[in-house]
Every structure is written in structure tokens, then in C-alpha cells.
Amino acid sequence: MERILITGGGGFIGSHLARYLYSQGYFVRVADIKYDDYIEGKYCSERLELDLRISQNCLKATEGIDKVYNLAANMGGIGFITSVFADIMHDNVLINTHMLEAAVQNKVKRFLFSSSACVYPNYKQTTSDVPGLKEEDAYPADPNEAYGWEKLFTEEMMKSYQIDYGVDIRIARFHNIYGPEGTYKGGKEKAPAALCRKVAEVSDPGEITIWGDGKATRSFCYIDDCVQGVLALMESGYDKPINIGSDRLISIDGLADMIIDSSGKKITKKHDLSAPEGVKGRNADLTLVKKVLRWEPQVSLEEGMGNTYRWIGMMVKKDRGG
Ligand SMILES: NC(=O)c1ccc[n+]([C@@H]2O[C@H](COP(=O)([O-])OP(=O)(O)OC[C@H]3O[C@@H](n4cnc5c(N)ncnc54)[C@H](O)[C@@H]3O)[C@@H](O)[C@H]2O)c1
């Protein structure tokens, strides 16, 4: 049986991926600097608490491992990545550099890096009504934030390790993954979770604040679909960057309305134009991933957001001591 390492396995995507692989009988080691306390039940074979900015810890994590899903990163939603630059660059460059080097030293058979839609250039994302971003659109490069530059740099570093050291690489570009058991408070939460929390917290009737004018658009991919996509990529022979996301474009106002509907509350929206909102529009083109991996999302946004809202609603009640 293959031995698998998931870094960032104490976080959102990593814990869902670990639970699935563990349920399939794999040996699954997770490594993270901290573990979200709402991850339920036993979901891995071995759990290491390690700071992966330190090379010795990366060597420890990759010892005896066949396949690495390298998901550990210092990251968050738009509020976080537009206010923290140096720590994101510093921490993630160290994690990814030491993880790749450790993978070479410990003769890991395959190494997957979690890149991001944030690698795509500003000039392709200036209006709400944007066409989906194709993988080749990443160049000429002009990512929006330090976070995007770091992801693009690591994609290049992956290719360099492939050329010089023969590392068998996979690169997933995730587009707005959402679902239960993701960060929903504390400043690192992303738009879907932040909106669910605001709706869950507000009185009925009530009012919530939307960051920006609400007209910016994004596409959102449910966590179960993401897990299946990333597994398909790891098991494929495809070694270039590939989108894992959805191509259903929706405005932030539209997403908020959907969550408000599923709450059953009477809620009005006001807009904070001074808050960060990121690029004006971003969508994923899935032509390549459908062809190469025969994968596309199966869970509708309505169903996925409903599940996410119910989970965050439960957490908000718990936080209030209910
Ligand atoms: N969620 C998304 O929509 C999305 C989109 C694009 C890319 N990604 C990428 O996917 C990966 C997983 O994202 P996620 O949404 O699960 O985020 P997350 O924050 O829930 O998980 C990342 C994990 O990395 C861990 N980590 C941070 N610094 C560390 C360190 N020094 N040592 C060890 N562990 C450390 C964190 O503690 C956290 O548990 C990240 O690389 C992220 O950049 C996610």
C-alpha cells in the first residue's frame, strides 16, 4: 500500500483529502504546524505537528513516503492576502523549497503542489463578465498579489526540480474551493465562508456588509469535487499546471443572495466600498481538465453552499455556547 504525505493536513483541503484517502485504506501521514479543532474523527494514519519552514522537519515528514500532496501554506482570503505580503512570501517559499529538496533526498515518487487561480494576470481580470482563464493565460505574468507571485514562482521551481532532479511533478491550480470544515472566522476566511458566517450571526430581520460593490465575479468549487479532481491529477500522467475549479460565474451579491435564501432569514445587504475585493472578475476554463483528467465538478453551487451554510451556522451556535 502506498504511503502518502499531506502537508497542510490540519487545514481545510488537506484534511478532506486525508479523510478520503485514509477511508480508502492508504497509509496517510499528515503534517501541519497546527490542527483545526473542528476536524472530526480519525482521518489519517499518523499526525505530525511540524513547522515546515524548517528543512529538518520537511525531511522528517517525507521519510518513507511515496507520494506528497504539498498543501501547506500561509494563506487566507482577500482580507489576508491584500494586507500580508512578506510573511506569505517568506513562509511559503521556505515551505515549498524545503519540501521539494526533502522529497529529492528521501526519493519521493511523486510530488503535487497546490497552486492557485491567483497566478493569473491582472490584465485578464478587469471586468465582471470575463471568459474562463485557460492554463496558458498565466503568461505574460502579472499576478495580483504577493501570494500569486509566490505560487507562480513555485510552479517554476517545480519545473526546475523536474528537469534537474527528475522529480515527478503535478501542479493543481485551485479556484476558490469552499465547503464545511474550512476557516470561517479569525481573518483568514474566504468570501463564501465569511458570507455564511455573517448571515448566520445576524438577527432576523437584519443587514450584512458585503466587501466591495458586490459586482465582482468568481467561480466556486465544492470541496468534495476538489478532492476528486486532485486525486485524478495525482494519478494521471499530466505534469503541467491544470485548473481545478468551476466555470459557473456568479457575482458576490449573487452568492450572498443564495446564502441568504438558504438561511430563510430576511436580510438586506450594504456595501463597503473601502474594503478589498480583488480582481473584478475571475472564472476557470475547464476545457483542459475535462479532456485530460475527465473531471468536472458535480456538486451544484446551491447544494454546496447549503451544506456550507448549515455547518457554519452550527459552528456559530457552538461559538456562542449554544
Ligand atoms: N482554498 C482555496 O480556495 C485555495 C485556492 C487556491 C489555492 N489554495 C491552496 O491550497 C492549499 C490548501 O489550502 P486550504 O484552503 O486548505 O488552506 P488552509 O489554510 O486551511 O490550509 C493550509 C494549512 O497549511 C498550514 N501551514 C501554514 N504554515 C505552515 C508551516 N510553516 N508548517 C506547516 N504547516 C503550515 C496551516 O496551518 C493550514 O492548516 C494552500 O497551498 C493554498 O494556497 C487554496
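Q: In this structure, does arginine 294 count as buried or exposed?
A: The way to judge this is to count the other C-beta atoms within 10 Å of a residue, where 12 or fewer makes the residue exposed and 20 or more makes it buried. In this predicted model, arginine 294 has 9 such atoms, and therefore it is exposed. Arginine 294 lies in the loop between helix H9 and helix H10, and its phi, near 50 degrees, is positive although the residue is not glycine.

Q: How should I read glutamate 181: is it buried or exposed?
A: Glutamate 181 is counted as buried because it has 20 C-beta neighbours inside 10 Å. Its place is in the loop between strand S7 and H6, and this residue, which is not a glycine, has a positive phi of about 65 degrees.

Q: Which residues of H5 are buried, and what covers them?
A: An α-helix has 3.6 residues a turn, so residues three or four places apart point the same way. In H5 the buried residues include Tyr147, Lys151, Thr154 and Met158, and among the elements that cover the buried residues of H5 are H4, S5 and strand S6. Just after H5, glycine 166 takes a positive phi of about 70 degrees.

Technical notes: Residues numbered from 1 in each chain as written. Predicted model: local features only at pLDDT ≥ 70, side-chain atom pairs only at ≥ 80, totals over all residues. Helix = DSSP H or I, 4+ residues; strand = E, 2+ residues; numbered from the N terminus. Contact = placed C-beta atoms within 7 Å.
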